[in-house]
Amino acid sequence: MTDIDRAWWKEAVVYQIYPRSFKDSDGDGMGDIPGIIEKVDYLADLGVDCVWLNPVYESPGVDNGYDISDYRAIMDEFGTMADWEALRDALHERGIRLIMDLVVNHTSDEHAWFVDARSATDSEHRDYYWWREGRDPEQTTLDPDDYDTPIGVDEVPPNDWESFFGGPAWTYDDRTGEWYLHLFDERMPDLNWETPSLREDLFEMMEWWLDHGIDGFRMDVINLISKPEGLPDGEDPTAIVNGSDKFVNGPRVHEYLSELHDRVLAGTDSMTVGEMAELSIDEAKHYVGDDGDGMSMVFTFDHMRLDMTDAGRWSHRESSPRELKETMTHWQEGLADEGWNSLFLNNHDEPRQVSRFGDVEQYRRESAKLLATLLHTLRGTPYIYQGEELGMTNYPFESLDEIRDVDTIKNVRAAQESGRLDESDVMDLVRYRTRDNARTPMQWNDAEHAGFTDGDPWMPVNPNKENINAEDARDDPNSIWHYYRELIDLRSERDVVVYGDYELRLRDHESLWVYTRTLETDDERDSLLVVLNFASDETTFDPPTDLAGRDADVLVSNYDTAVDAVEATTLHPWEARVYDLH
């Protein structure tokens with residue numbers, strides 16, 4: 001029998017809001033907090049339980065808010081602290097919780113700490129960041145021509161680590177004649193968690209936000225915060241970027257996160273989800289749960305890398321539904337007894353899920369509903385990225401000049417300069433991979449700028465707004481939006497959807513993903529069967545012997561389906577069925 005270990009964040013459906021692109025209230029072309037407030041009833045009608053708000057802190061905007069210059073201030077373009085408090089209250093009044101992005105691996109170079117740190121080698125905040133002297137190029141394999149150093153400075157960085165945004169992870173600072181570390185953009189210097197006073201300042205900042213009524217944190221690239229002693233060169237040529245074998249899941253990361261939990265989170269009912277750059281199931285178990293560092297769950301990315309080659313993120317290969325099934329099942333089974341899964345197929349850093357995993361040309365609506373069925377019937381907490389519930393798609397970018405994303409621009413240029421990316425392939429890859437696909441404005445209606453703004457939008461609106469928008473979706477009872485409502489209702493009504501055991505069936509089938517969810521309590525045994533056809537062709541479903549002929553009806557389906565038993569059948573393209581087994 002199963003003793004249900006309940007938690008609100010296990011039962012929640014989380015809706016992710018990227019503020020710049022959600023709703024603009026003042027006509028400046030950028031989404032803002034008052035705009036979100038205008039749409040709180042939309043979120044309540046959809047039925048979500050929690051909002052994850054991407055950064056709205058003070059920031060120069062190099063990486064769209066992930067470069068924070070003041071953790072306790074709201075960026076002017078987004079509104080004021082009073083606006084934020086009004087949003088918090090509006091959500092809470094409707095029973096919707098709020099979690100904030102926590103970005104503590106790095107700050108902006110405009111943060112007061114870094115401004116002071118770079119002023120002198122003995123400044124008060126010098127040790128809040130990673131500073132090192134350069135190396136003699138004669139003693140390394142590094143080429144001085146690869147680094148932007150002033151004339152007369154004949155040295156290379158302290159090690160060979162690379163930035164996730166392309167290029168070296170070190171920048172020379174001529175104010176003090178040393179190099180500083182940045183695993184992302186050069187204007188986003190990494191914080192040095194080895195400094196106790198830094199940790200104390202960060203913990204106090206987190207407590208400040210909890211005192212302001214938030215319900216938890218999404219922790220950005222949190223498993224990068226510990227760097228190894230001596231900052232050695234990378235040794236793994238297959239690493240996601242050079243040196244990541246040294247700084248991902250570093251030697252003191254669990255010490256730091258356990259301290260964070262004990263110092264800030266223990267005794268609260270907060271949800272925490274850690275974004276993890278690279279992670280195995282065994283490593284994940286060290287981060288989550290009572291026996292780990294206390295995190296509620298982690299974001300893992302194995303399933304998001306299936307369409308990449310060994311060359312990394314800025315490459316493309318065709319992946320199969322079977323690979324997706326195997327990878328996500330690996331995590332379903334691996335964290336079944338220890339930990340909890342985060343369920344997502346897109347976010348602000350990834351392309352639109354229906355463009356990546358579905359069929360936008362022939363079966364956009366059907367495949368969007370199937371992907372929703374998958375995410376809302378697996379074991380874990382589903383995350384809806386804004387517009388996903390409408391089936392929003394990737395944008396048809398025609399030129400690199402249209403791209404705003406610093407990650408895309410820097411990585412494409414680095415790949416071009418190294419010869420890894422042929423010019424003829426650039427735009428195909430950009431259209432497929434760029435983070436800007438997720439950042440085009442939310443499509444509220446079919447009017448100019450899709451009802452996002454009365455001004456000129458900071459990002460172009462997808463031209464398919466006339467056919468894909470919230471107003472039309474809410475008026476159409478067969479829309480993707482209403483299908484999401486149905487799935488969310490099912491999760492709230494049936495404990496088996498949240499807490500039931502996952503068992504994969506027909507494991508070797510190339511296009512069918514079939515699994516049961518089963519929950520046994522002292523009162524009853526509740527079972528569901530989920531059948532998903534990941535194909536643009538009709539596919540025969542022959543049920544497993546132990547299920548064939550079993551009495552059942554269909555609770556949810558993206559086609560008009562009525563049955564009274566589990567029987568062999570021909571499934572439509574991208575058909576999804578959730579059977580209630582009797």
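How many cavities of 30 Å³ or more does a search of the whole structure find? The search finds five of them, where a cavity is a set of points, on a 1 Å grid over the protein atoms alone, at which a 1.4 Å probe fits but cannot get out. The structure is a predicted model, in which local features need pLDDT of at least 70 and side-chain atom pairs count only at pLDDT 80 or more, while totals for chains, interfaces and linings use all residues. Residues are numbered from 1 along each chain as its sequence is written, and side-chain values use heavy atoms, with hydrogens and water left out.

## The whole protein

The protein has 17 helices and 20 strands; these are DSSP runs numbered from the N terminus, helices being H or I with at least four residues and strands being E with at least two. Its radius of gyration, taken over C-alpha atoms, is 24 Å, close to the 25 Å that the globule rule gives for 582 residues, so the protein is as compact as a globular protein of that length. The globule rule itself is 2.2 Å times the number of residues to the power 0.38. Along its principal axes, the C-alpha trace spans about 80 × 55 × 50 Å.

Of the 582 residues, 61% count as buried, a word that stands for under 20% relative accessible area, with exposed meaning over 50% and partly exposed in between (1.4 Å probe, protein chains only). Among the contacts with a separation of 6 or more, 69% come from residues 24 or more positions apart, and contact here means heavy atoms within 4.5 Å.

## Cavities and a pocket

A pocket, unlike a cavity, is an open set of points with protein on both sides within 12 Å along at least five of seven lines, and lining residues have an atom within 4 Å of a point. As for the classes, Ala, Val, Leu, Ile, Met, Phe, Trp, Tyr, Cys and Pro count as nonpolar, Asp, Glu, Lys and Arg as charged, and the others, Gly among them, as polar.

| Space | Volume | Lining residues by class |
|---|---|---|
| Largest cavity | about 110 Å³ | five nonpolar, six polar, no charged |
| Second largest cavity | about 50 Å³ | four nonpolar, three polar, two charged |
| Second largest pocket | about 980 Å³ | eleven nonpolar, 13 polar, 15 charged |

The lining of the largest cavity includes T300, H303, M328, W331 and F344.

Two or more residues of its lining come from each of α1 (8-11), α8 (253-265), α10 and β14 (501-505), and α8 gives the most, with four residues.

T171 is found in strand β7 (residues 170-173) and, at 15% relative accessibility, counts as buried. Its side chain makes a polar contact with the side chain of H182 (2.7 Å); such a contact is a pair of N or O atoms within 3.5 Å, of which, within protein, one must be able to donate a hydrogen and the other to accept it, and residues adjacent in sequence count only if both atoms are side-chain atoms. Not counting residues up to four places away in sequence, T171 touches E178, W179, Y180, H182 and E186.

F357, in helix α11 (residues 353-357), is buried with a relative accessible area of 14%. Leaving aside neighbours within four places in sequence, F357 is in contact with H303, M304, L324, L345, L371 and W574. The C-alpha atoms of F357 and A535 are separated by 10 Å, although the two residues are 178 residues apart along the chain.

N411 lies in helix α13 (residues 406-418) and is buried at 11% relative accessibility. N411 and S163, 248 residues apart in sequence, are 9.6 Å apart in space, C-alpha to C-alpha, and the contacts of N411 beyond four places in sequence are F164, F165, G166 and W314.

Helix α14 (residues 426-433) is mostly covered, with six of its eight residues buried, namely V426, M427, L429, V430, Y432 and R433. What covers these buried residues includes α11 and α13.

Definitions and conventions
Grid points are joined across faces, edges and corners, and a volume is the space filled by probe spheres set on the points.
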